[in-house]
Amino acid sequence: MCFELFDSHVMMWSSIISRREAASAFRSAQSLPVDAASCAICSGNPQRAVELVEQGRGQQWSLASRLRTPLEDLESTSRQLAQRLSELSRRLSDAQGSAISTDRVAADRAATEYRRLSKKWEAAIAEIRNLQDFSRFLLPLSFTDLQAAARHGPVIILIASQYSCSAIIVPTSGEPHQVRFLCITLPDLEKLKADFTTAIQHTVRMRPEEPRKKFMTYN
């Protein structure tokens with residue numbers, strides 16, 4: 001739920017710069033997708049883990065590129081609704097900041113305004129989802145939708161977080177399979193990544209006639 005709220009918040013900003021600023025306000029947001037996926041795995045729900053990882057991947061691509069956002073897609077269908085939702089999102093963000101005021105009266109007033117705006121925001125979202133092709137507006141893809149990527153063969157998804165390291169095998173049909181890496185931790189993988197990066201940088205500086213003797217392995 002926390003990840004979905006964060007995703008909705010970030011995706012409502014219209015520009016790439018504002019989306020990055022909104023995301024950077026949450027220090028642990030970068031690991032949120034894999035942390036959420038690990039929790040889904042621990043609770044015995046690998047399908048949900050796949051959905052969360054893909055949701056996080058799509059979010060990061062949107063932050064790192066100039067891909068169209070849901071709001072931009074909506075503008076091409078209903079500019080009025082898009083403008084209303086954008087304005088509500090801005091006002092919600094302002095009200096959220098005011099709610100942490102040290103003035104108790106002002107904070108209570110801001111909290112009341114935030115709840116009022118939240119209801120209007122939810123009503124706008126419901127209206128948008130009634131539009132053709134927008135039934136899943138701001139909703140992540142389902143596992144059934146994602147499994148289409150495995151139509152030519154199984155897809156393996158690696159999930160590494162502070163809680164666990166696992167692989168999920170998505171078959172062409174049926175339930176996904178989970179493989180836990182009990183002897184591998186996130187620090188192990190971070191060190192392996194750093195070593196690999198160093199090895200690549202060293203190789204780039206090597207002359208063609210120099211032999212490549214060192215092999216990197218993980219036991």
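**View 1. S31 sits in the loop between α2 and α3.** Helices and strands here are DSSP runs, numbered from the N terminus: helices are H or I of at least four residues, strands are E of at least two. The model is predicted, so local features need pLDDT of at least 70, side-chain atom pairs count only at pLDDT 80 or more, and totals for chains, interfaces and linings use all residues. Residues are numbered from 1 along each chain as its sequence is written, and side-chain values use heavy atoms, with hydrogens and water left out. S31 is partly exposed, at 29% relative accessibility. Buried means under 20% relative accessible area, exposed means over 50%, and partly exposed lies in between (1.4 Å probe, protein chains only). Now find S161. S31 and S161 are 130 residues apart in sequence. In space, their C-alpha atoms are 7.4 Å apart.

**View 2. Helix α3 spans residues 32-42.** Its buried residues are P33, D35, A36, A37, S38, A40 and I41. After α3 comes G44. The phi of G44 is positive, near 80°.

**View 3. R84 and E127 form a salt bridge.** Side chains of opposite charge can pair when their charged atoms come close. A salt bridge is a side-chain nitrogen of Lys or Arg within 4 Å of a carboxyl oxygen of Asp or Glu. Between R84 and E127, the closest N and O atoms are 3.1 Å apart. R84 belongs to helix α6 (residues 79-98) and E127 to helix α7 (residues 104-128), so the pair ties together parts that are 43 residues apart in sequence. R84 is partly exposed, with a relative accessible area of 37%. E127 is partly exposed too, at 36%. How many salt bridges does a search of the whole structure find? It finds five.

View 4. R91 and E113 meet in a salt bridge, 3.7 Å from N to O. This pair links distant parts of the chain: R91 is in helix α6, E113 is in helix α7, and they are 22 residues apart. E113 also forms a salt bridge with R116. There the closest N and O atoms are 2.8 Å apart. R116 and E113 are separated by about one helical turn, because they are three residues apart in helix α7. R91 has 28% relative accessibility, E113 has 28%, and R116 has 37%.

**View 5. F134 and F137 form an aromatic pair.** A search of the whole structure finds one such pair. Rings of Phe, Tyr and Trp (its six-membered ring) pair if their centres lie within 6.5 Å; planes under 30 degrees apart count as stacked, over 60 as edge-to-face and the rest as tilted. The two rings lie 6.2 Å centre to centre. Their planes are 55° apart, and the pair is tilted. Are the two residues buried or exposed? F134 is buried, at 9% relative accessibility. F137 is buried, at 4%.

**View 6. I156, L158, V179 and F181 form a nonpolar patch on the surface.** Patches are made of residues with over 30% relative accessible area and no salt bridge: like charges are joined within 9 Å, nonpolar side chains (Val, Leu, Ile, Met, Phe, Trp, Tyr) within 5 Å. Together the four residues have about 380 Å² of accessible area. Such areas come from the Shrake-Rupley method with a 1.4 Å probe; for residues, only the protein chains shown count as cover. I156 lies in strand β1 (residues 155-160). I156 is exposed, at 57% relative accessibility.

View 7. pLDDT is the predictor's confidence in each residue, from 0 to 100. The protein has a mean pLDDT of 77, and 73% of its residues reach 70 or more. Over residues 61-67 the pLDDT is below 50. Beyond near neighbours in sequence, this stretch has 17 contacts in the model. Contact means heavy atoms within 4.5 Å.
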